Amino acid sequence: MRMRNARIAIVLIGLALPYVARLPRGMGWLKQYTDTGFEGWLLLGAFNAIAWGAILAISFTYRRPVSLIAPCLFGFGYLAWVHGNFDLSAGAQAAIALIFIPIYALKPIVIGGAMGYIVDRMLRRDDADAA
C-alpha cells in the first residue's frame with residue numbers, strides 16, 4: 001500500500017510541477033504556461049509525462065518507497081529548476097524547448113534511479129540478514 005501511495009504522489013507531483021515551479025517568479029511568469037488553452041496544457045502534460053513516467057517506471061524495480069528519494073530529487077529537482085527559469089517569451093521558437101526539457105531530465109532521473117536501486121538492494125540485504 002505504501003508503494004502505491006508513493007506512485008500516486010509521483011504522478012500528482014509530476015503533473016503539477018511545471019506550474020508550481022513558476023509561482024516564485026509571480027503570476028505573469030505562471031501565465032506563460034497557463035494562458036495556452038487546452039492544447040497547450042495537453043502538450044505540456046504529455047511531454048512532461050516522459051519525465052515523471054520514467055520515475056514511475058523506476059519505482060516498479062523497488063520494494064521500498066524510501067528508494068524513490070534519489071530519482072525524485074534528481075528528476076523533479078532538475079525539472080523544477082528548468083521550468084522555474086525558462087522564459088517562453090525569449091523567442092519565437094522557445095516553446096520547442098518544452099519538448100526537450102523532459103528528455104534532458106532523463107539523465108538525472110537515471111542517475112538517481114541507480115542510486116535508489118543501490119539503496120533498495122542494501123535494504124533488501126538487511127531484511128534477509130535479519131530474517
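Trainee: In what order do the elements of the protein run from the N terminus on?

Mentor: The elements run α-α-α-α-α-α, and the secondary structure comes to 6 helices and 0 strands. Helices here are DSSP runs of H or I with at least four residues, strands are runs of E with at least two, and the numbering starts from the N terminus. This is a predicted model, in which local features need pLDDT of at least 70 and side-chain atom pairs count only at pLDDT 80 or more, while totals for chains, interfaces and linings use all residues. Residues are numbered from 1 along each chain as its sequence is written, and side-chain values use heavy atoms, with hydrogens and water left out.

Trainee: Why is H1 called roughly parallel to H4?

Mentor: The limits are under 35 degrees for roughly parallel, over 145 for roughly antiparallel, 65 to 115 for roughly perpendicular, and oblique for the rest. The crossing of roughly 15° therefore makes H1 roughly parallel to H4. The crossing is right-handed, a term for a near helix turned clockwise from the far one by less than a right angle, anticlockwise being left-handed.

Trainee: Which residues of H1 and H4 meet, and how do they divide by class?

Mentor: Ile10, Ile13, Gly14, Leu17 and Pro18 of H1 meet Cys72, Phe76, Leu79, Ala80 and His83 of H4, contact being heavy atoms within 4.5 Å. These residues divide into 8 nonpolar, 2 polar and no charged. Nonpolar covers Ala, Val, Leu, Ile, Met, Phe, Trp, Tyr, Cys and Pro; charged covers Asp, Glu, Lys and Arg; the others, Gly among them, are polar.

Trainee: At what angle do H1 and H3 pack?

Mentor: H1 and H3 (residues 37-59) pack at about 150°, with their axes 9 Å apart. That angle makes H1 roughly antiparallel to H3. H1 passes H3 in a right-handed crossing. The contact includes Met3, Arg7 and Val11 of H1, and Trp41, Leu44 and Trp52 of H3. By class, the contact has 11 nonpolar, 3 polar and 1 charged residues.

Trainee: What makes Arg124 count as buried?

Mentor: Buried means under 20% relative accessible area, exposed over 50%, and partly exposed in between, with a 1.4 Å probe and protein chains only. Arg124 has 18% and is therefore buried. Arg124 lies in H6 (residues 106-130), and beyond its neighbours within four places in sequence it is in contact with Thr61, Tyr62, Arg63 and Arg64. Of the 131 residues in the protein, 38% are buried.

Trainee: Why do Leu23 and Ile69 count as partly exposed?

Mentor: Leu23 has 44% relative accessibility, so it counts as partly exposed; Ile69, at 47%, also counts as partly exposed. Leu23 is in the loop between H1 and H2 (27-34), whereas Ile69 is in H4.

Trainee: Which residues of H5 are buried?

Mentor: In H5 (residues 97-104), Leu98, Ile101 and Pro102 are buried.

Trainee: How do you know on which side of H5 they lie?

Mentor: They cover an arc of only 85° around the axis, which puts them on the same side of H5. The arc is that of the directions from the helix axis to the C-beta atoms.

Technical notes
Axes are lines fitted to C-alpha atoms, for helices over the stretch in contact, and angles run from 0 to 180 degrees between N-to-C directions.
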